[in-house]
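Student: I would like to learn how to read a sheet in a model like this one. Please show me the structure and take me through it.

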Amino acid sequence: MVGVAKMRTFANKGRKNMNGTLLWVDDEIELLKAYVIFLEKKEYEVVTATNGQDALDLCRERNFDLIFLDENMPGLSGLETLSMIKEINPTIPIVMVTKSEEENIMDQAIGSKIADYLIKPVNPNQIFLTLKKHLHKREIETEVTNKGYQQNFSDIGMQINDSYTLEEWKEVYKRLVFWELELAETNSEMTEMLKMQKAEANKEFAKFVRKNYLQWMQNSEERPLMSPDVFKRTIFPLLNQGEKVFLVVFDNFRYDQWREISKDLADEFVFDERLYLSILPTATQYARNAIFSGLMPSQIAQMYPELWVDEDEEEGKNLNEEPLIQTQLDRYRRKNTFSYFKLNNSSESEKIVDRFKNLMNNDLNVLVINFIDMLSHARTESRMVRELASDERAYRSITASWFHNSPVRELFKELAKTDAKIIITTDHGSIRVNNPIKVIGDKNTNTNLRYKLGKNLSYNPKQVYEMKAPKAAFLPSPNISTTYIYAQNDDFFAYPNNYNYYVSYYKNTFQHGGISMEEMLVPLITMQSKRKK
């Protein structure tokens, strides 16, 4: 037991400690009575000890929310006590309080993972600020974030209604993602309100796309940056300047996921962050092949039939990406050397890291990374993965955790040592679907849940965006009467046969192929090492 003479509790008897229980350890604790009284008035319970051993005994007997620990005490020093307290309770925040400003003591304390470091003489406001930062940060952040979103809610609503250009829609989407990430960090009750506002934005965005999409198709020079334009407008200009370029294509990658992994890269790289518009359908066969070829899908099928794979063929739809890149270089009469790699697992990524020096001999290196698309499919098919990625926040978290611990992260560490320009992008994003729409097709109808094509489709035209003339959108038309239809918002297509099972299986899964901000407004990031800037 702790000796009564060596320890006092200054908290008033019977009063509820609303803000937390603190332990203050200092061999001159009687001189700090004014600070303790100040904290009591702020509704903290303060337990005190005059030496390290008593502090250890107290930590074994009860729990504390935070500890103030004097560095210079007789017997066990502050640093020794700190180390032993961490063995008892590794997670408790400890604030070191000392008269010393010696750098080695600060380094040792920081290396022992203290929460904060205060130099005597401290004033009450410094102490109170420390408590707010380490005990009440989440409540304060939540309150401020909620207030911030409430103040912006009406403004965002007006911005949604007044967006008439793609650039304006990009700003709407960026703003919604910003608040989505902010609210997710604080587990805010405003999240549901944001979901409703985002759904309204997607509804209006779909109207905008339906109104303008075919016009964009007819004017390739004046349309916004789209999938076939990525090489011409982004990569070729860098190559023309003599830059070494790494194009990293994360399959099925959303802007919010980029914002998460960018935190892992911010110390090493500077970013030029843009969004571009994926073509329809927002699927690998169409959008990614358009990126690598610099052509729309029907143009690929016409000019390079051996490189185009129709929907009804069993062959993989993305097996010809390297030759498609070569065709684009050839059409523009470019002599740039390039490499192409598709990374499906860790071992393939490790091999790229091992041969990194050789890659620097090329003008252009293209890497396609399939993990996020694999995660999306696994989430649909595996109950365990669905539990791990139960919502948008968890989906982002898994993406960020994978990136941080994967060999791909090691590749970026190598890139940070060079002066290469890195382009991070994707072919399309995905959206979590919830609302089933009935559609009927024949046995040749494709299986994607967000777009369908065929000659005998039956559906409610008011629920979809239909293209009865695919050639106007530069899409292959296997039959004269082929129609493409696209799901909008969070809809997905379901067959009437075994309808209930189908709906329950696919509801709340991440899908792509249709029209939404998440699928079509995708990241296009140019990066360069800070060391080489």
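Student: What is the order of the strands in the open sheet of 6 strands?

Tutor: First, the ground rules. This is a predicted model, in which local features need pLDDT of at least 70, side-chain atom pairs count only at pLDDT 80 or more, and totals for chains, interfaces and linings use all residues. Residues are numbered from 1 along each chain as its sequence is written, and side-chain values use heavy atoms, with hydrogens and water left out. Strands of a sheet pair through backbone hydrogen bonds, either parallel or antiparallel. Here the order is β8-β19-β11-β7-β10-β9, with mixed pairing. Strands are DSSP runs of E, at least two residues, and helices are runs of H or I, at least four, numbered from the N terminus; two strands pair if DSSP finds at least two bridges between them.

Student: Which strands stand at the edges?

Tutor: β8 (269-277) and β9 (338-343) do; each has a single partner strand, so one side of each lacks a neighbour in the sheet.

Student: Which strands pair with β11, and in what sense?

Tutor: β7 (residues 245-250) pairs with β11 in the parallel sense over 5 bridges, and valine 248 has isoleucine 424 of β11 as its bridge partner. β19 (residues 521-529) pairs with β11 in the antiparallel sense over 4 bridges; there, isoleucine 423 is partnered by threonine 526.

Student: Are the residues of β11 buried or exposed?

Tutor: Buried means under 20% relative accessible area, exposed over 50%, and partly exposed in between (1.4 Å probe, protein chains only). In β11 (residues 421-425), 5 of the 5 residues are buried. Lys421, Ile423 and Thr425 lie on one side, Ile422 and Ile424 on the other.
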